[in-house]
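Q: Could we go through this structure together? I would like to begin with the charged pairs.

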Amino acid sequence: MRPGAVNPGAPDAKAKSFGPSLKQLLRRLAPERMYVGAIVGLAIVSVTLNTLGPYILGKATNLVFDGVIGGRLASGTKEEAIQHARAAGDNTFADMLGAMDVTPGVGVDFGAVGRILILVLLLYVGASVFSWLQSFLLNIVINRTVKRLRSDVEDKIHRLPLRYFDSTPRGDLLSRVTNDVDNVSQSLQQTMSQLLVSVFSVIGILVIMIWISPLLALIALLTVPAAIVVTAQIAKRSKPHFVNQWKYTGMVNAQVEEAFTGHEVVTAFGRNREVGEEFDKRNNDLYESSFRAQFISGLIMPAIMFLGNVNFVLVALVGGLRVATGNLSLGEVQAFIQYSRQFSQPLTQIGAMANVLQSGVASAERIFEILDAEEQSPDPVMENSRPVDRGRVEFEAVSFRYEPETPVIERLSLVAEPGHVVAIVGPTGAGKTTLVNLLLRFYELDAGTITIDGVDITTITRDHLRSRIGMVLQDTWLFKGTIRENIAYGNPNASEADILDAARAAYVDRFVHALPHGYDTIIDEEGSGVSAGEKQLITIARAFLAKPSILVLDEATSSVDTRTEALVQHATAALRRDRTSFVIAHRLSTIRDADLIVVMEAGRIVEHGTHERLLEERGAYYRLYNAQFAAAAADA
């Protein structure tokens with residue numbers, strides 16, 4: 001990471017508030033609005049059928065209770081039974097009989113009870129079918145949404161400037177693209193359906209409770225404000241810990257990726273203990289934040305369950321008194337008690353899902369930080385593009401800074417004629433590689449212009465520009481596949497003959513036949529199975545196959561042996577014909593034949609000329625050259 005760069009994944013980065021992030025996440029469901037409408041409709045139907053069940057079951061309870069009481073009474077009319085009870089001094093029983101639909105001397109009507117039970121069974125079966133359809137459609141919606149989210153993140157990454165990747169640990173970025181996206185998917189899967197059902201259940205149950213008994217409904221509602229306050233307060237305290245949990249996850253991934261990638265270096269320098277200690281520290285931070293997030297949010301469900309039990313006791317007590325006074329039937333109270341339990345159950349479920357939802361929104365925030373990051377400037381519209389095939393490159397008064405207060409290149413001017421080899425030398429940090437990065441538009445200029453064949457590179461698309469430039473870096477990059485596929489990466493439309501010609505020109509053909517399967521030998525991302533020099537030759541062949549107008553070699557021969565280097569120099573001499581070549585080199589012996597040698601110090605050109613002329617001038621190049629070869633002679 002460059003000095004002064006800001007790491008977006010650092011734990012002190014300020015998180016968005018829960019509400020805006022959740023809204024931004026829900027807006028991503030907009031393309032599926034028809035499915036969402038169907039899901040909401042199915043949820044309403046399913047909840048309605050489920051809600052009607054207890055009310056109708058209360059009718060069955062009344063039939064059974066009325067039948068039992070009626071069977072114990074002497075035959076006659078209901079009024080006679082009430083008068084008899086009052087005459088006996090049992091006014092409470094008389095009031096209860098007045099509220100009942102009882103026929104003295106007649107027992108339970110099991111036929112009517114059976115019909116009600118069948119109706120309730122059909123209601124519950126129908127509710128289950130609609131619930132399944134809702135879950136099926138919701139699964140489609142969420143998977144499509146997450147698929148689009150992954151695609152958007154992937155597309156966004158390709159539009160981000162190189163500056164963003166310089167300031168973001170690779171492990172943290174990978175964690176956002178993989179772990180956080182997966183967590184958002186799981187959170188939506190676990191919460192969306194249940195939240196819909198819970199919200200509609202609360203509304204439906206509340207309506208029917210008011211219908212049965214406004215007084216009991218009021219008692220049941222007394223616990224709702226308390227539940228809302230408890231949930232809000234606990235969620236408020238757990239939210240920062242969920243944010244830190246996923247930030248520390250990214251930091252642990254970055255640490256692991258860094259340690260595994262540099263495992264040989266870590267082992268060679270005996271820093272295993274220090275790396276382990278750093279991992280333990282970050283892993284402990286992750287443990288602490290995860291534990292606190294889960295522990296605090298886990299208090300929501302027990303608190304709401306306690307409030308639900310208090311509500312149950314109050315409803316049962318007042319309901320019993322209402323039955324005794326004949327204001328409610330036993331079936332209505334039985335149904336109401338069921339509803340009171342169902343009423344607290346969705347609230348409990350919402351509380352239980354709060355930690356899952358907060359975790360998902362915390363991950364969504366990290367993803368939205370990528371999606372909201374500043375993009376590289378858009379490509380211009382090329383209506384009548386002029387060819388850039390000759391390869392004349394001109395830097396005119398170019399200035400650039402990675403950080404506003406630290407100049408890297410100041411008012412640099414340079415002309416590279418077609419077919420010429422321009423070698424760029426200088427001490428580390430002089431701006432050599434930066435110059436090439438500006439040519440490729442990996443970074444945008446602060447001032448000045450760069451033209452190719454008289455065309456300002458900012459007036460052509462990046463793809464068109466980079467398609468004319470072949471680049472070989474000091475750090476080789478190969479992907480898992482055959483050697484043939486890695487070479488063909490430079491030109492996917494190349495024929496087999498073209499691939500073989502490029503391989504011979506780069507001297508890949510010299511060693512490939514000694515491999516088990518020749519050009520079909522599979523190598524992995526690290527290039528295991530071939531040496532460092534052989535990996536570099538493969539990347540050189542890849543650049544040759546692209547047949548660029550401009551060739552950039554950034555210490556491209558640093559990993560090859562002396563004999564191979566000489567062969568590559570001969571091969572590149574032929575391939576550079578009619579191509580402008582920029583060679584960045586520390587080994588000055590490799591650039592003696594360059595048409596122009598540019599010596600850079602502190603972002604400025606201090607000397608330029610041929611090898612012989614610069615030695616005669618006895619300036620900066622002379623000092624570099626003598627220092628290098630004096631050191632080589634001393635080592636000898």
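A: The side chains of Lys 281 and Asp 285 form a salt bridge, with an N to O distance of 3.6 Å. A salt bridge here is a side-chain nitrogen of Lys or Arg within 4 Å of a carboxyl oxygen of Asp or Glu. This is a predicted model, in which local features need pLDDT of at least 70 and side-chain atom pairs count only at pLDDT 80 or more, while totals for chains, interfaces and linings use all residues. Residues are numbered from 1 along each chain as its sequence is written, and side-chain values use heavy atoms, with hydrogens and water left out.

Q: Where do Lys 281 and Asp 285 lie?
A: Both are in helix H11 (residues 272-297), four residues apart, which is about one turn of the helix. Helices (H or I, at least four residues) and strands (E, at least two) are DSSP runs, numbered from the N terminus.

Q: Is Asp 285 buried, partly exposed or exposed?
A: Asp 285 is partly exposed, at 23% relative accessibility. Buried means under 20% relative accessible area, exposed over 50%, and partly exposed in between (1.4 Å probe, protein chains only).

Q: How many salt bridges are there?
A: The count by this rule is 22. One of them joins Glu 375 and Arg 159 at 3.1 Å, N to O. Glu 375 lies in the loop between helix H13 (330-371) and E1, and Arg 159 in helix H5 (residues 110-159), so this pair ties together parts that are 216 residues apart in sequence.

Q: Changing topic: in what order do the four strands of the open sheet come?
A: The order is E2-E1-E4-E5, and the pairing is antiparallel. Strand E2 (406-416) and strand E5 (455-456) are at the edges with a single partner strand each, so one side of each has no neighbour in the sheet. Two strands pair if DSSP finds at least two bridges between them.

Q: How many bridges join E1 to E2?
A: Seven bridges join strand E1 (residues 393-403) to E2. Phe 400 has Ile 409 in E2 as its bridge partner.

Q: What lies across E1, E2 and strand E4?
A: Helix H14 (residues 432-439) does, and it runs at about 110 degrees to E1. Axes are lines fitted to C-alpha atoms, for helices over the stretch in contact (heavy atoms within 4.5 Å), and angles run from 0 to 180 degrees between N-to-C directions.

Q: What about backbone angles: which phi does Asp 453 have?
A: Asp 453 has a positive phi of about 55 degrees although it is not a glycine. Asp 453 sits in the loop between E4 and E5 and is buried, at a relative accessible area of 13%. Arg 618 also has a positive phi of about 55 degrees, but Arg 618 is exposed, with a relative accessible area of 56%.
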